[in-house]
Amino acid sequence: MGAALSGKRVILHVGTPKTGTSYLQDVLFNNIALLRTHGINYPADRFDAHFLAALDLMRLPWGGLETEAVGAWDKIAAQARDWPDTTVISHEILATASRPHVQRALESLDHPGTEIHVVLSVRDLARQIPAEWQENVKHRRAIGFADFVAELRDPDRSGKIASWFWGVQEIPAILSRWADQLPPENVHLVTVPPPGADKSLLWQRFAHAFGLTDIELDLHVERVNPSLGVPETALVRRINETVNADLTPAHYRPLVRELLAHQTLSKRASSPRLGLPNDVWQWAHQLSVQWVTALQDKGYDVIGDLADLAPVTAPEEFTDPDSPRERQVNRAALDAIKALLLETARMREHEVELHQRIADLEQALERSYLRPTYRAREKAVRKLQNSEGGRTAMKAYRKIRGR
Amino acid sequence: MSGVASGWAWVEHLEDGGTTPWSDFLASAPSAPVRTAPLPGAAQLELARRINLVTPGRPHPAVTRILAAGAPGRGPQDLPLVGATPPSAFGPPPVDPAAVPLTELVRVASGVLAEDLASRPVPDARDPQPPVPEVRGPLGPNIAGRRHRILRLPIASLDALLYDEWVARAARGRVRSWPAWTKHLASADRLPETVDLVARAADWDRAWWRRVELVGTPPAATIDAHAVAVVRRVNTLLGLLVDDRCRARLAAEVIVPWLGRQHGPRLAVPAAQADWVRARAERMAGQLADAGYRVREDFSVLAELDDTAACATSTDEVLAVTVGLLRDGWEQR
């Protein structure tokens with residue numbers, strides 16, 4: 001796309017979750033300066049700037065993080081309006097924006113005066129369903145996998161889980177909200193390659209979609225959002241059931257999601273992976289085929305292959321995360337306990353260091369109190385406070401010093 | 001006649017102050033020019049109709065804002081209007097506005113209320129501390145007597161004191177739901193500082209020239225739990241719209257004065273936490289009695305929990321409060 005276009009434009013990457021979006025966003029953030037020399041603006045002063053902008057645009061509270069999002073959308077929209085060339089805005093939760101939110105987004109970017117492109121990266125439902133369940137578990141939910149799937153299959157879709165899932169995953173509906181006002185050639189679908197494909201293939205597709213193919217980007221990123229296996233996800237779900245009432249989101253994020261899920265449990269790569277039982281796979285496959293049929297006549301620019309959305313091979317084996325092998329869960333739990341103990345030990349050592357620093361500071365303070373000049377000043381203040389004139393003089397002195 | 005044209009005719013009807021339900025309106029085969037904007041969702045349309053129901057036939061400015069609003073937070077978006085939206089295999093199923101869950105109307109209404117508050121001009125001012133609505137004797141320091149020697153602490157049932165503290169927190173900013181908050185307190189076996197009368201009294205009594213008095217508080221009007229439910233929703237969204245300082249100003253100048261006028265039923269402690277509250281109240285009564293403070297009240301009041309009040313709000317009532325606020329504003333009611 002990028003090579004064929006010229007002039008001022010905004011590329012809005014609006015989803016979907018679990019399609020390699022974090023990696024893309026980190027690469028863009030790490031290469032901001034280089035991208036600008038190529039006319040591409042990624043307006044972000046922190047790695048999660050576009051996440052905050054999405055919260056602001058969609059008026060979406062997020063466990064207290066939303067207080068950092070005040071005015072975030074308007075800020076990046078203003079930067080996009082001021083940039084003469086290409087601006088990229090990317091966050092996967094934008095997929096769930098309602099029509100009024102989309103309207104506000106497009107207006108803030110000077111549409112139709114500015115050329116808007118919408119990019120949607122998409123992956124087959126058979127992989128998205130378990131991935132989204134796992135994401136729910138990593139966001140404190142305690143719902144079991146079977147109940148999660150049942151909510152998704154309820155035609156009513158009124159529950160919070162179902163409305164969110166279909167909001168961010170139902171590709172034709174997302175595009176009807178985001179792309180209704182755009183010519184189809186400005187809508188770009190990036191498909192995630194099937195399992196087993198060359199690992200660099202997805203990046204190549206992203207690079208093509210965003211016009212990055214000719215830029216020597218630093219592709220190394222620190223932040224990863226790795227997936228968990230069956231016993232590990234089951235363990236986190238049980239942890240949620242146990243701690244949800246007592247652990248605030250501010251502590252849950254670093255301790256459970258980051259320390260346990262991302263840094264510890266995700267390393268257990270030999271555990272059975274999440275998947276779908278055969279009947280659910282059949283249902284998801286049928287739905288995917290309907291989506292592909294609806295999409296292929298739209299005239300959208302497909303980067304990859306729509307067939308990636310409806311793989312024909314059924315899963316070989318399903319390991320039920322609602323009835324995991326307890327021995328595997330126990331082993332994962334031991335790893336979790338070890339990680340928490342090590343973290344507690346680290347924090348205790350840090351606490352000792354802080355106590356030592358406080359003691360040093362108290363000693364330094366004590367010494368400064370004992371200095372003759374301090375004692376003389378203290379004596380003068382006490383004397384001045386005993387008389388009306390002295391108090392007036394003190395007041396005037398403090399005013400002059402701005403105290 | 002196209003369904004979309006009928007949908008836009010209903011929008012016109014609502015903008016003019018109309019109150020006809022969609023199913024009746026559709027039966028008359030109405031039509032209006034189709035606008036370029038997306039047709040408002042069923043929740044927005046039904047909320048607008050409910051605003052009009054208060055004073056039918058008179059267009060209200062809030063209706064326009066509601067019809068243009070998206071629903072904030074998580075939940076279904078853009079519920080299509082049945083009969084006005086072409087059938088689609090994708091997206092949420094079309095609904096009759098009369099069947100939209102009331103929680104969805106409250107959700108849209110809270111968003112509009114928060115946007116209205118956030119768009120108020122903010123005069124330059126020092127950081128304000130929002131006052132606590134005073135309903136059951138002050139929970140903050142109640143200092144009286146010559147040279148501020150006496151701390152008077154209110155003796156009322158502990159569940160009522162906890163409720164007042166929860167209301168005060170809700171007025172200032174984000175707070176957990178009443179069941180979640182009380183559950184959290186019970187699981188930590190910890191009272192909020194303002195309600196921990198033993199600790200407050202002991203702290204004050206440390207200096208020899210000070211004295212503590214324990215006084216009964218007369219039965220007073222409580223803040224309506226439904227009004228608190230609205231404030232909680234609006235405050236959560238305000239966190240997205242304005243900075244902390246502005247939010248504190250809005251709380252002090254708009255939300256708390258309004259909340260102070262909303263008298264109504266309070267919430268009872270959920271059954272699962274009632275035993276804990278009762279036990280803490282009895283322990284507190286014993287500790288206060290042992291401390292030998294001047295007493296003007298029977299301590300047993302502390303453990304007399306209200307088991308007649310409801311533990312949860314009614315969505316009907318919460319919606320009624322939001323509709324009233326959208327119609328009349330924060331200053332009028």
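**Exercise 1: the sheet of chain A**

Ile40(A) faces Thr86(A), a residue of strand 3 of chain A. The model is predicted: local features need pLDDT of at least 70, side-chain atom pairs count only at pLDDT 80 or more, and totals for chains, interfaces and linings use all residues. Residues are numbered from 1 along each chain as its sequence is written, while chains are lettered from A and ligands numbered from 1 in the order in which they are written.

*Task.* Determine in which order the six strands of the open sheet in chain A are arranged.

*Solution.* Strands (E, at least two residues) and helices (H or I, at least four) are DSSP runs, numbered from the N terminus. Two strands pair if DSSP finds at least two bridges between them. Strand 2 of chain A and strand 3 (residues 86-90) of chain A run parallel and are joined by two bridges.

**Exercise 2: a residue of strand 6**

*Task.* Is Ile303(A) buried, partly exposed or exposed?

*Solution.* Ile303(A) belongs to strand 6 of chain A. With C-beta atoms placed from the backbone, a residue is buried if 20 or more other C-beta atoms lie within 10 Å of its own, exposed if 12 or fewer, and partly exposed in between. Ile303(A) has 18 C-beta neighbours inside 10 Å and therefore counts as partly exposed. Two residues are in contact if their C-beta atoms, placed from the backbone, lie within 7 Å. Beyond its neighbours within four places in sequence, Ile303(A) has contacts that include His188(A), Leu189(A) and Val190(A). The C-alpha atoms of Ile303(A) and Val119(A) are 9.9 Å apart, although 184 residues separate the two in sequence.

**Exercise 3: helices of chain A**

*Task.* Describe how helix 3 and helix 4 of chain A cross.

*Solution.* Axes are lines fitted to C-alpha atoms, for helices over the stretch in contact, and angles run from 0 to 180 degrees between N-to-C directions. The axes of helix 3 (residues 49-58) and helix 4 (residues 72-82) of chain A cross at roughly 115 degrees and come within 7 Å. Helix 4 of chain A contributes Ala72(A), Trp73(A) and Ile76(A), while the residues from helix 3 of chain A include Leu52(A) and Asp56(A). The contact holds seven nonpolar residues, one polar and one charged, where Ala, Val, Leu, Ile, Met, Phe, Trp, Tyr, Cys and Pro count as nonpolar, Asp, Glu, Lys and Arg as charged, and the others, Gly among them, as polar.

*Task.* Why does helix 15 of chain A lie largely in the open?

*Solution.* The number of buried residues among the 14 of helix 15 of chain A is zero, so this helix lies largely in the open.

**Exercise 4: chain B and its contact with chain A**

*Task.* Which helix of chain B gives the most residues to the side that touches chain A?

*Solution.* Chain B has twelve helices and four strands. The contact takes 31 residues from chain B and 30 residues from chain A. Helix 7 (178-188) and helix 9 (225-241) of chain B are the elements giving two or more residues to chain B's side. Helix 9 of chain B gives the most, with five residues. That side divides into 16 nonpolar, ten polar and five charged residues.
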